[in-house]
Amino acid sequence: MKPILEMRNISKRFTGVQALLDVDLQLFAGEIHSIIGQNGAGKSTLMKILSGTYTADSGVIYINGKQVQISSTADSAKLGIGIVYQELSLLNNLTVAENIFLGREIVNGVQLDNAKMSDMARKSLLELGIENIDVDQNVEVFSLAKRQLIEIAKVISIYPRILILDEPTAALTNEDTRRLFNILFKLKEQGICIVFISHRLAEIKKYCDSGTILMNGRVTANVRMNEVNELQIIEYMLEDNFNTFHRKWRTKQHKKQPLLELSDIYLHNQVNYVSCEIFPGEITGFTGLLGAGQDILWRIVYGAQRKDSGEIRINGKRVRITCPSDAVQFGIGLLTENRKEEGLFPEMTCQDNIALPSLKHFRIRKYTPLLHNRRIRNSCNDLAKRLSIKMRSLSAKVKLLSGGNQQKIIVSRWLMKDLDILVFIEPTRGVDVGAKTEIYRILESLASQGKAIVVISTDTTEILQLSDRIYIMVDGKISTTLNEPTDEETLARLIQGNPEKKVIA
Amino acid sequence: MSIKAKKYVTTIIKYMDILTILLLSAVLVLFFINRNPKFLSTSNLTNIVQQNAALIIVSVGTTFVVISGNMDLSSGSLIVLTACMTGVVFRATGNIWLGMITCIGVAMLISTMNAALIAYGKINAVIITLSCMIWARGLALGITGSKSIPVPSTVLQRIYQPFWGSFFNITFILVVLCMGTGWFLLNRTKFGRYTKAIGENEITAQLAGVNTKLVKFGIFAFAGLLTGIASLVDLSRLGSAVAMIGYGMEMNAVVAVVIGGNKLSGGEGSFAKTLCGLLFMCLLSNGLATLNLMDSQVYLLKGMIILIALAIQRGSNLIRLRWLRVLNEKD
């Protein structure tokens, strides 16, 4: 059988990071093919090259044996490639039918033919076996799962030959996932090639026909799903430990008071009665699949997210945190995973970025608004030296720094505040390997200074290397607490959410 | 909750902002009718529509601009500039048709120029229209020498003169026509749908294949055309081009659009909301004028009442969002 799409020797380099190196991919009609790999393995980059969002540095793409150029999203659409993005791209203020036909409306003279579009939208939803969706309702009233189905219907209605789904099940329940796959099976029978990206191996194993496994931008294996088991897939996904950073696991060497206690934190549909303890001088790891609730939990603790119920205690005393400034007052600092949107002021200087929350400590005199600029500069310089931040000068704009150095800027911001509890969400996302190790060392030294460090990461290697204690979250609950070291396969297994198979030979 | 009751509640929630502003308008009416029994008389109501005809026409364009997530501050100054140009042309040639063509033409020309800068030059609409607001008023003062220019033309006056009873005139027809066209464009054409899409998320609209620049250009050009028409309507009512024509019109239009419940950040909006907002603003202006207050008191009261109305509107919106969440969680 000839492949419908073939990618050969695809390479892509971003500043400092080799995202893809000589990747080959073959897709066949009437197959569900899965792209598997850890975060940062290059799955999304590969798909973005296919969709025309990025262009490859080198490599060729063939469709039906003919070489093609994909340099824009319009190109890929013309070639019959349809993509359902990870973030939904529906417009909430328009109805289902209006969304499905956006950009290619049916008109009758100048007048929109709403009745016809509604009819066709209804038909295309029915063809997919989706019922109970009123096409004349605004999209915003539907649940996430239904919106996902609408999005697929929108992409399907342009009759693609290749349909790419980027983590469509991250936010879906098992029931919804099954329904989604029933639809995908129907499409498969029509001869459409489906590319499926997910972190949930059980799903992949159960529903997909074949898979390409990526690790650090390279293909490690091409597999047929009926020939491998989950364990083998995990082995292909994990990197050999050539990473130089190794941290000794310090098992309960102390019997300290917990610094921070959470009890029964609850948020509807997101976090399900979570209780845990955080100790000073330790790095506590939280991990789980995307959407398992670990990041939301800590956003709640930081006051960046409302909670329905639950209690937070610091040093045994109950505290009320309703907004981030409360949390900072109680000594909690949070570093978000998306630095550009929530962490940094990209247009401002390094100095301003570091000192912003601590400015009131630098007043010339108490109760005067004037700032002591020299003292600010000196203390920023000290911090920059301590964390070895590489920058031209303190007055350089932060947006010019590399990802690793930007992350260090935020770390130094909270160090200046001298907070006791530091929460890192995905601390090394978008950071290259060298800087990764450096950040690990910083985290370790902070912990040894007696600070409580919390690391939230979906990268199992990272969690294992860093943590003294690991909480694993599944579906908004802490499913397992690990107080002693384990190997990566066990952890990967636990994250998938089947604790009954806890012991793997 | 039974299905019927749920449907009922959903409908109320959907139209809550309109209901709120209508309720506030009713409060205004009750207050003013207490002070002035003739407040709801036919003659006063006619008066309200005629006096505010230009504002209503401008608001149609402003609705489009606001729904697309933009802002247009130029309309007031464009009205005075085009009115003055009409006056100058009429004084020089004595031909009112030439004057009226100048009026519409200049409005279109300047607004398309702005539109091009906004859509293709990618400059923020607030800044472009703000600068236009300043220079257009300056130019108007310049060409008239800060004096009013009478335009004694029977043709022009016919726009305002009633020809059937005391109510029906060309002004009224124009108001209905502009509103109708706006409604049709927003709800029945691609242009309207793309306007909403751009207001919600311009990038998504672009990815879906919408020519967002052209649509934005169209929105501002359309608003310019309406401004030209509004200028003629006001000129006909006043009989002469004075520098105070259209003063603060752009702000009144924006306030009317927003107070009716259209989102200033774009995406959501309808002509029903604009109409309700206009109703509130017109009742307020007219009612305050009949109270025989000093100018300072009128401004103070008007501003404070608008503020209170916006606060109430915001409160009702918060309640609406909470109800929506409750309803959705029951699903």
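Trainee: Which residue does A:E337 form a salt bridge with?
Mentor: A:R299, with the closest N and O atoms 3.2 Å apart. Keep in mind that this is a predicted model.
Trainee: Is A:E337 buried or exposed?
Mentor: A:E337 counts as buried, at 18% relative accessibility. A:R299 is buried too, with a relative accessible area of 15%.
Trainee: What does A:E282 pair with?
Mentor: Its side chain meets that of A:R469 in a salt bridge, 3.2 Å from N to O. A:E282 sits in the loop between β14 (271-278) and β15 (283-288) of chain A and A:R469 in strand β21 (residues 469-474), so this pair ties together parts 187 residues apart in sequence. A:E282 is buried at 2% relative accessibility, and A:R469 is buried at 10%.
Trainee: What about A:D418 and A:K451, how far apart are they from N to O?
Mentor: 3.2 Å, in a salt bridge between their side chains. Here A:D418 is exposed, with a relative accessible area of 55%, whereas A:K451 counts as buried at 10%.
Trainee: Which residues are linked in a network of salt bridges?
Mentor: A:E261, A:E311, A:R313 and A:R318. Over all chains, the structure holds 22 salt bridges.
Trainee: Switching topic: how many salt bridges are there between chain B and chain A?
Mentor: One. A:E98 forms it with B:R193, the closest N and O atoms being 2.9 Å apart.
Trainee: Which element of chain B gives the most to the side that touches chain A?
Mentor: α10(B), with six residues. By class, that side of chain B has seven nonpolar, six polar and eight charged residues.
Trainee: And how much area is buried between chain B and chain A?
Mentor: About 1900 Å², with carbon and sulfur atoms giving 57% of that. In contacts, 21 residues of chain B touch 20 residues of chain A.
Trainee: Last one, on chain A overall: how many helices and strands?
Mentor: 17 helices and 22 strands. The radius of gyration of chain A is 25 Å, close to the 23 Å the globule rule gives for 505 residues, so chain A is as compact as a globular protein of that length. Buried residues make up 55% of the 505.

Note on methods: Residues are numbered from 1 along each chain as its sequence is written. Chains are lettered from A and ligands numbered from 1 in the order in which they are written. This is a predicted model: local features need pLDDT of at least 70, side-chain atom pairs count only at pLDDT 80 or more; totals for chains, interfaces and linings use all residues. Side-chain values use heavy atoms; hydrogens and water are left out. Contact means heavy atoms within 4.5 Å. Buried area is the accessible area (1.4 Å probe) that two parts lose on being put together, summed over both. A salt bridge is a side-chain nitrogen of Lys or Arg within 4 Å of a carboxyl oxygen of Asp or Glu. Helices (H or I, at least four residues) and strands (E, at least two) are DSSP runs, numbered from the N terminus. Ala, Val, Leu, Ile, Met, Phe, Trp, Tyr, Cys and Pro count as nonpolar, Asp, Glu, Lys and Arg as charged, and the others, Gly among them, as polar. The radius of gyration is taken over C-alpha atoms; the globule rule is 2.2 Å times the number of residues to the power 0.38. Buried means under 20% relative accessible area, exposed over 50%, partly exposed in between (1.4 Å probe, protein chains only).
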